[in-house]
Amino acid sequence: MPIAIGDRAPDFELPATDGERHRLASGRPPATVIYWTCNHCPYALAWHQRMLEAARDYAERGVRVLAINSNDAERYPADSLEAMAERVESEGGWPHPYLHDQTQEVAAAWGAERTPDVYVLDSDLRLRYRGAPDADYDDPSQRAAWLRDALDAVLEGRQPERPETEPVGCTIKWR
Amino acid sequence: MLREALEEAGLDPDSIEVREIDTEESAEREEFVGSPTIRVDGRDVQPPVDGEPTGLACRVYRRRDGRTSPLPDPEDLRDALRPAAAR
């Protein structure tokens, strides 16, 4: 059952391509973005630069961003932790950690469905936005506007005007 | 998108044959590298590179402007339909 707007997000601790383990409930950022992505989904790839740009822009305001790949790496070797690390290195580094959910337990606990699937949490780790980065994977000028709107609202202590949108992308590749 | 391209080329949109590939075995047998795969008279509108793995996945297309997309570039689709339209 997916977490609902207002719910406190389930904690997790996962390994990342940087060799570290990252826990959700650590530090106290004013907002946190968790998004599911992967190495080969064309929708995730189409939105990729927009997600990185948003992460860079909002890092200045203390926003923490974590990307998670929960795809079955046995059937899709391009989604192994090694392949993820190679990708990050080949792209010159990402502005946020790229986590591997090998058991898929985190995706299941959150009800994540697609890549990308974006979650915005407030400072209490309560869900304030869930959905797509913006209205059109094929239009870079949208600049992840729905994500940015949600972050602006959370940082200003408001509820996002559009708390939920339909995630658009490939389904997570379950075992 | 495909129906529009067929209409634009003067071809019958109802001539589209949709085939579901739902097992890894059938993907390998059909040399299916991802969904959607569009073939015109058996030829892929954007032929996969040598060694591209078959499987049940979303397909990554490269647009002419270099962007990645889940759908082929409309120009590639038009080019692929042109020989059929000329017959």
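This report describes the cysteines of a predicted model and the interface between its chains A and B.

## Basis of the report

Residues are numbered from 1 along each chain as written, and chains are lettered from A in the order in which they are written. Local features need pLDDT of at least 70, side-chain atom pairs count only at pLDDT 80 or more, and totals for interfaces use all residues, while side-chain values use heavy atoms, leaving out hydrogens and water.

## Cysteines

A disulfide is a covalent bond between the sulfur atoms of two cysteines. Over all chains, the structure holds zero disulfides (pairs of cysteine sulfur atoms within 2.5 Å). Cys38(A) is in no disulfide, and the nearest cysteine sulfur, in Cys41(A), lies 5.0 Å away.

Cys38(A) has a relative accessible area of 0% and is buried, a term that stands for under 20% relative accessible area with a 1.4 Å probe, protein chains only. Cys170(A) is also buried, at 3%.

## The interface of chains A and B

In this interface, 12 residues of chain B are in contact (heavy atoms within 4.5 Å) with 13 residues of chain A. The two chains bury about 950 Å² between them, 56% of it on carbon and sulfur atoms; buried area is the accessible area (1.4 Å probe) lost on putting two parts together, summed over both.

The rule finds three salt bridges across the interface, each a side-chain nitrogen of Lys or Arg within 4 Å of a carboxyl oxygen of Asp or Glu. One of them joins Arg75(A) to Glu24(B), with the closest N and O atoms 3.9 Å apart.

Methods: Buried < 20%, exposed > 50% of the residue type's maximum accessible area, 1.4 Å probe, protein only.
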